[in-house]
Amino acid sequence: YLMNAVAKIGETKYYTLQEAVAASETNETTIDVIANTAETINVQEGANITINNINLTGSILAPNATLKIVNGSIVNNNSNVSAIEINAGILNLEGVDISSARHAVRIDGAVIATIDGGTYKSAIGEGTGTYHALNIGNKTSQVAANVTITAGTFEGPKGTTADSGSAVNVQTGSTATIE
């Protein structure tokens, strides 16, 4: 029994969200977050993870995974990384609030993504650079990203010290459908 557990898979509890993510391997796994946590999450290649009720101070790096996050919030204070970065796979965000010192969500490659609700804000804190609430790029793959937004609020860096940026940035070759 772990008194200070952060997450659980079924009845198995974990001290960190990263431990729960690592325990999921490549099986389809649902992780329930049960406490606030501050950490950098590295999702292993091929993982298929659903995270419920996230309350994370930090970031999630998913080079090639199926990642679904349902409800909760992420605050990223590190301007060197985006709050969520994914380069290949599937990303579904439902009702997630993200505030990030860099991009809130960076989709950079062969990713099929759906964003349904939540608030996505870039350029929190001080700093110069180009910041987007949602940055859809195509630097890592010949296959471009395809993103569908059914609901949500996207706030770019207007009124901050950022040099430039936007609420939603779609680079050449990628597709974004805003419903």
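This is a predicted model: local features need pLDDT of at least 70, side-chain atom pairs count only at pLDDT 80 or more; totals for chains, interfaces and linings use all residues.
Me: Why is Ala123 called buried?

Reply: The relative accessible area of Ala123 is 5%, and buried means under 20%, so Ala123 counts as buried. This residue is found in the loop between β8 (105–121) and β9 (130–137).

Me: Which residues is Ala123 in contact with, leaving aside its neighbours within four places in sequence?

Reply: Ala123 is in contact with Ser100, Ala101, Arg102, Tyr131, Pro157, Thr160 and Ala162, where contact means heavy atoms within 4.5 Å. Gly159 lies 36 residues from Ala123 along the chain, and the C-alpha atoms of the two are separated by 9.7 Å.

Me: What is there to remark on in the phi of Ala123?

Reply: Phi of Ala123 is near 60°, which is a positive value in a residue other than glycine. Asn71 also has a positive phi, near 65°, and is likewise a residue other than glycine.

Me: How do you know whether Asn71 is buried, exposed or partly exposed?

Reply: Asn71, which lies in strand β6 (residues 65–76), has a relative accessible area of 38%. Buried means under 20% and exposed over 50%, with partly exposed in between, and therefore Asn71 is partly exposed.

Me: Why is His132 called buried?

Reply: His132 lies in strand β9 and has a relative accessible area of 9%; buried means under 20%, so His132 is classed as buried.

Me: What joins the side chains of His132 and Asn169?

Reply: A polar contact of 3.5 Å joins these two side chains, and the cut-off for such a pair of N or O atoms is within 3.5 Å. Not counting residues up to four places away in sequence, His132 touches Asn169 and others, including Arg102, His103 and Ser166.

Me: How many cavities of 30 Å³ or more are there, and what is the volume of the largest cavity?

Reply: The count comes to one cavity of 30 Å³ or more, and the largest cavity has a volume of about 40 Å³. Its lining is formed by Ser79, Ala101, Ala123, Ile124, Gly125, Glu126, Gly127 and Tyr131, and by class these residues are four nonpolar, three polar and one charged.

Me: Which residues touch the most other members of the largest nonpolar core?

Reply: Of the 43 residues in that core, Ile60, Ile69, Leu91, Ile107 and Tyr120 touch the most other members. Ile60 touches Ile41, Val43, Leu67 and Ile69, among others, not counting residues up to four places away in sequence. In soluble globular proteins, nonpolar side chains tend to be buried together.

Definitions and conventions. Residues are numbered from 1 along each chain as its sequence is written. Side-chain values use heavy atoms; hydrogens and water are left out. Helices (H or I, at least four residues) and strands (E, at least two) are DSSP runs, numbered from the N terminus. Buried means under 20% relative accessible area, exposed over 50%, partly exposed in between (1.4 Å probe, protein chains only). A polar contact is a pair of N or O atoms within 3.5 Å; within protein, one must be able to donate a hydrogen and the other to accept it, and residues adjacent in sequence count only if both atoms are side-chain atoms. A nonpolar core is a set of buried Ala, Val, Leu, Ile, Met, Phe, Trp, Tyr and Cys residues joined through side-chain atoms within 4.5 Å. On a 1 Å grid over the protein atoms alone, a cavity is a set of points where a 1.4 Å probe fits but cannot get out, and a pocket is an open set with protein on both sides within 12 Å along at least five of seven lines; lining residues have an atom within 4 Å of a point. Grid points are joined across faces, edges and corners, and a volume is the space filled by probe spheres set on the points. Ala, Val, Leu, Ile, Met, Phe, Trp, Tyr, Cys and Pro count as nonpolar, Asp, Glu, Lys and Arg as charged, and the others, Gly among them, as polar.
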